[in-house]
Amino acid sequence: MWPLPAVAAASVCALAAAALWLLRRPLRRWRRLVAFSAQLAGPALPRLSLGEDPLAAFADACRRYGTPCRVWVGARLYVLLTDPEHAAAVLGGGGGGGGGGGGGFHERAGLRQWDALRPFTGRGLATAAAGDGWSRRRRLVEQTLTPQWVQSQSGWLRRVADRLVAALQQVVPPAEQQLQMLKELRACTLDALAGSLLGQQARATGRPPAGFPHHFLQATQLIDQQAGRQPALLLPLPLLSLTGGGQAGARLVRQLRGYIDAAVDTAAHSSTRGQERHIALSWERAADSGDDPDRLPGSALEQLLSATEDRRLVSEELASLLLVGQPATEAALCFTLQLLALHPQVQTAAARDEQLLRRAVLESLRLFPVQPLLARQLSEDVKLSPAGGRGQLLLPQGCIAVVCSPLTQRDPEHWPDPDAFQPDRFLEEHEARRHPFAYLAFGGGARRCPSSELSLQLLCAALSRLLSAFRVAAAGDSRDHLQDLRLRAVLSPWRGFQLRLLPRA
């Protein structure tokens with residue numbers, strides 16, 4: 001019989017051998033990352049975290065060391081990129097099959113904002129991994145949000161924009177105008193997207209938020225707070241019930257998902273019973289008759305339900321589109337208004353020219369992309385073409401490649417006089433000569449924003465109505481404010497937007 005100390009020693013050795021066997025692949029991958037990082041310039045010491053603002057940390061490294069460069073954050077290797085060719089190599093992969101993300105599909109990872117979204121969106125496109133039926137989901141959403149469908153929403157979006165103008169015309173005291181205006185812009189984007197996507201009237205514009213609008217705005221504030229809390233060593237974010245969100249955060253997830261699930265169930269029940277008369281009625285006819293129904297015709301929800309019976313999938317995709325789309329559209333609207341306020345000649349011309357207005361929106365998003373960091377954890381090695389005096393590089397599987405789009409979109413090689421606000425950069429003759437990955441305001445490749453056209457349509461409708469009723473002026477030192485930015489869920493000025501609305505005669 002073996003003595004007890006010998007048995008214990010044998011057990012420890014066996015466990016150590018098993019641990020080494022299990023860790024052999026991660027250790028091999030780790031050695032590859034360390035060997036690769038020696039080829040790139042970057043900070044000598046790893047960071048414990050990205051701090052409150054990962055954009056500032058990455059932009060500082062890019063300016064100091066040039067790109068590609070590397071930053072270690074704990075045990076994670078971030079490779080920072082700005083060249084459009086490199087962006088195309090990392091972002092431009094194909095469709096992400098049901099397996100481990102082959103074919104150039106890389107996971108969105110490494111930034112807290114997506115971890116903060118996941119409890120709300122589940123396996124929705126915004127946060128899904130390649131193995132979660134990603135390709136099927138992407139195909140369904142793209143087949144729903146077609147240019148024809150987006151065009152069919154134009155009447156509804158104009159009606160919401162009219163409500164926004166009516167609400168802002170009631171704000172009389174100048175001291176209250178700026179805060180109330182920003183609240184109404186937030187409510188307008190929520191009303192518009194809830195109507196188009198869910199087919200439900202949120203009725204947030206011009207009234208205190210209650211019910212769905214109240215819980216939705218609470219959810220976006222919580223996600224924004226969580227996105228600004230970068231933990232030491234970037235440990236994975238657990239469920240909100242285990243974080244700063246606490247039980248209130250978990251309850252908010254249930255409430256918001258409950259609203260969306262109820263909308264899905266109502267639409268599915270009506271469809272199965274053949275109650276689709278409202279789909280055939282356009283919103284314009286309903287408005288002309290004085291009707292203001294709670295349910296709106298031709299929503300993305302109805303289109304998705306006609307293509308799949310998987311209600312959970314539909315609910316998760318709608319949650320993704322709303323929770324990513326509303327804050328991003330709101331931020332884009334505010335940045336465009338701020339730039340038009342600083343460039344009154346462009347503002348005057350854009351008030352009469354819808355094509356110029358659309359170009360002004362695109363130019364605003366070039367200068368201030370609301371999702372400025374496009375981070376992907378590589379599922380396979382990626383070859384980078386020579387650029388910036390460097391030879392060819394092979395990014396190793398497992399590193400996190402981050403395309404810093406504000407620097408890409410202000411690269412003088414692709415954008416002459418890059419810091420100037422020049423909407424005519426987006427005339428067709430200029431766009432045709434530009435590298436397709438030099439403009440990344442809506443992302444690129446397999447994970448490009450599927451609702452970009454809907455957001456653009458909404459932005460143009462709201463701006464057109466606003467500029468016909470008001471002149472937008474800058475308040476305070478707003479030009480300096482635009483130099484001091486932060487990234488949470490979306491990009492925004494640290495000290496907020498500085499805007500005033502002056503009624504037109």
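This is a predicted model: local features need pLDDT of at least 70, side-chain atom pairs count only at pLDDT 80 or more; totals for chains, interfaces and linings use all residues.

Reader: Which residues line the second largest cavity closest to its centre?

Author: The lining has 13 residues, and those closest to the centre are Leu117, Ile223, Leu323, Val324 and Ala489. Two or more lining residues come from each of α5 (112–121), α10 (212–227) and α15. Helix α15 gives the most, with 4 residues. The space in this second largest cavity is about 120 Å³.

Reader: What makes a space a cavity, and how many cavities of 30 Å³ or more are there?

Author: A space is called a cavity because a 1.4 Å probe fits there but cannot get out. The structure holds 4 cavities of 30 Å³ or more. About 520 Å³ of space lies in the largest cavity.

Reader: What lines the largest cavity?

Author: Its lining has 32 residues, and Arg108, Val324, Gln371, Cys449 and Pro450 lie nearest the centre. The elements that give two or more residues to this lining are α6 (134–144), α15, β4 (373–377) and α20 (452–469). Helix α15 gives the most to the largest cavity, with 8 residues. By class, the lining of the largest cavity has 19 nonpolar, 7 polar and 6 charged residues.

Reader: Why is Thr336 called buried?

Author: Buried means under 20% relative accessible area. Thr336 has a relative accessible area of 0%, so Thr336 is buried. The residue sits in helix α15, which covers residues 311–342.

Reader: What makes the pairing of Thr336 with Ser364 a polar contact?

Author: The cut-off for a pair of N or O atoms is within 3.5 Å. The side chains of Thr336 and Ser364 make their polar contact at 3.4 Å, so the distance meets that cut-off. Leaving aside neighbours within four places in sequence, Thr336 is in contact with Ala360, Val361, Ser364 and Leu463.

Reader: Is Leu33 buried or exposed, and how do you know?

Author: Leu33 has 7% relative accessibility; the limit for buried is under 20%, so Leu33 counts as buried. Leu33 is found in helix α2 (residues 24–37).

Reader: What does Leu33 touch?

Author: Not counting residues up to four places away in sequence, Leu33 touches Trp72, Leu77, Pro396, Gln397, Gly398 and Cys399. Gly398 is 365 residues from Leu33 along the chain, yet their C-alpha atoms are separated by 7.8 Å.

Reader: Why does Val264 count as buried?

Author: Val264 counts as buried because its relative accessibility is 1%, and the limit is under 20%. Its place is in helix α11 (residues 246–272). With neighbours within four places in sequence left aside, Val264 is in contact with Leu301, Leu305, Arg311, Val314, Ser315 and Leu318.

Reader: Why do Arg203 and Asp417 count as partly exposed?

Author: Partly exposed is the range between buried, under 20%, and exposed, over 50%. Arg203 has 23% relative accessibility, so Arg203 counts as partly exposed. Asp417 is at 48%, and therefore Asp417 counts as partly exposed too.

Reader: What makes the peptide bond from Thr67 to Pro68 cis?

Author: Omega of that bond is near 0°, and the bond is cis. In general, most peptide bonds are trans. Pro68 is in the loop between α3 (54–65) and β1 (69–73).

Reader: To finish, how many helices and strands does the protein have, and how much of it is buried?

Author: The protein has 21 helices and 11 strands. Buried residues make up 54% of its 505 residues. The protein exposes about 22700 Å², with carbon and sulfur atoms supplying 54% of that area.

Terms used:
Residues are numbered from 1 along each chain as its sequence is written. Side-chain values use heavy atoms; hydrogens and water are left out. Buried means under 20% relative accessible area, exposed over 50%, partly exposed in between (1.4 Å probe, protein chains only). Accessible areas come from the Shrake-Rupley method with a 1.4 Å probe; for residues, only the protein chains shown count as cover. A polar contact is a pair of N or O atoms within 3.5 Å; within protein, one must be able to donate a hydrogen and the other to accept it, and residues adjacent in sequence count only if both atoms are side-chain atoms. Contact means heavy atoms within 4.5 Å. On a 1 Å grid over the protein atoms alone, a cavity is a set of points where a 1.4 Å probe fits but cannot get out, and a pocket is an open set with protein on both sides within 12 Å along at least five of seven lines; lining residues have an atom within 4 Å of a point. Grid points are joined across faces, edges and corners, and a volume is the space filled by probe spheres set on the points. Ala, Val, Leu, Ile, Met, Phe, Trp, Tyr, Cys and Pro count as nonpolar, Asp, Glu, Lys and Arg as charged, and the others, Gly among them, as polar.
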